[in-house]
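Biologist: I have a new model to look at and would like to talk it through. Can you put it up for me?

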Amino acid sequence: MSSEWVGNWRPHRPRGPIAAFYSSPGPKYGLPGSIGYSQHDATKFKSPAYSFGVPHARFTVDSSPGPAYLIPSLLTRRGKDGAPAYSLYSRPKDNNPFQTPGPGTYSPEKAGKVAFSAAPSFSIAGRTKGFRTDQSPGPAAYLLPSVLGPNIVNKLSSANFSLSGRSKVGSFHEDFQKTPGPGAYKVPDPNMYKQKPPHYSITGRNQLPGDSTRKPGPGSHSPEKVVVNRNLAPAFSFGIRHSEYLTPVIDNVM
């Protein structure tokens, strides 16, 4: 009987982890390529790259004027052929000469400490920024209780006196025009404090009950229009126009 194992190999426990035994994310992400210049793998060596280049702009845009101009016949490859020509130009302006400054141009009194020696001078500079942020209170930040007036906690207050203003009522400069006169008071009704006498009043007119509907007068009747009790004279009219196409009214009486 032949053995089912080949050679000396027999199944055994792996000595280390095997990647095939574990699940992987699969081809879900792309690795950077090892060829080309763009997005090349940083762990791979990059060979030099060459390109054919692009055509120059001078060969793509035609900037020659073409046969649109005429060369004068007097121009040769050695220059202009013909008699010498002269032209008249305006007189050139004279160059301005250099103006040397005179003695009155200088002001030595304005040189200051550059040209003269000066005594030491001092100035009071502004307060630095460090003192602006100092929040410590000064001597004037404290407030002591007052020793004047009646509202003192730890001191006895003396008698206080005050001078009031002069009243206009009853004084020599009182304005009597502002006092009310006799007509300013309202006289009360005598019936309020005396016996009230009887009062009488005239009532409205009372009407007798009757028919209040409106009755026609003599001018409302027209006896000439009444034809019930007398014969009516004959009357004639033009009538109406009858058409030949109108359907006659047929009344079936059973």
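What follows is a short exchange of questions and answers about this predicted model.

Biologist: Which elements does the protein chain have, and in what pattern along the sequence?

Modeller: Start with the count. The protein chain has two helices and two strands. Now read along the sequence. The pattern is α-β-β-α.

Biologist: Where in the protein chain is confidence lowest?

Modeller: Take the whole chain as a start. The mean pLDDT is 76, and 81% of the residues score at least 70. Strand 1, residues 75-76, has the highest confidence, at 80. The lowest confidence, at a mean of 56, is in helix 1.

Biologist: Why should some coordinates not be read in detail?

Modeller: Confidence is given for each residue on a scale from 0 to 100. Predicted coordinates should not be read in detail where one value is low, and that value is the pLDDT.

Biologist: What share of the residues in the protein chain is buried?

Modeller: A residue counts as buried when its relative accessible area is under 20%. The protein chain has 254 residues. Its accessible surface comes to about 29100 Å², and carbon and sulfur atoms hold 58% of that. The buried share of the residues is 2%.

Biologist: Is His40 buried or exposed?

Modeller: His40 sits in the segment before helix 1. Leaving out residues up to four places away in sequence, its contacts are Pro32, Gly33, Ser34, Ile35, Phe45 and Lys46. Its relative accessibility is 14%, under the 20% cut-off, so His40 is buried.

Biologist: Is Arg166 buried or exposed?

Modeller: Arg166 belongs to the segment after helix 2, which spans 129-132. Beyond four places away in sequence, Arg166 touches Phe172 and His173. The cut-off for exposed is over 50%. At 64% relative accessibility, Arg166 is therefore exposed.

Biologist: Which residues make the nonpolar surface patch of about 370 Å²?

Modeller: Begin with one member, Tyr22. It lies in the segment before helix 1, residues 57-60. Its relative accessible area is 56%, over the 50% cut-off, so Tyr22 is exposed. The patch is made by Ile18, Phe21 and Tyr22.

Note on methods. Residues are numbered from 1 along each chain as its sequence is written. This is a predicted model: local features need pLDDT of at least 70, side-chain atom pairs count only at pLDDT 80 or more; totals for chains, interfaces and linings use all residues. Side-chain values use heavy atoms; hydrogens and water are left out. Patches are made of residues with over 30% relative accessible area and no salt bridge: like charges are joined within 9 Å, nonpolar side chains (Val, Leu, Ile, Met, Phe, Trp, Tyr) within 5 Å. Accessible areas come from the Shrake-Rupley method with a 1.4 Å probe; for residues, only the protein chains shown count as cover. A salt bridge is a side-chain nitrogen of Lys or Arg within 4 Å of a carboxyl oxygen of Asp or Glu. Helices (H or I, at least four residues) and strands (E, at least two) are DSSP runs, numbered from the N terminus. Buried means under 20% relative accessible area, exposed over 50%, partly exposed in between (1.4 Å probe, protein chains only). Contact means heavy atoms within 4.5 Å. pLDDT is the predictor's confidence in each residue, from 0 to 100.
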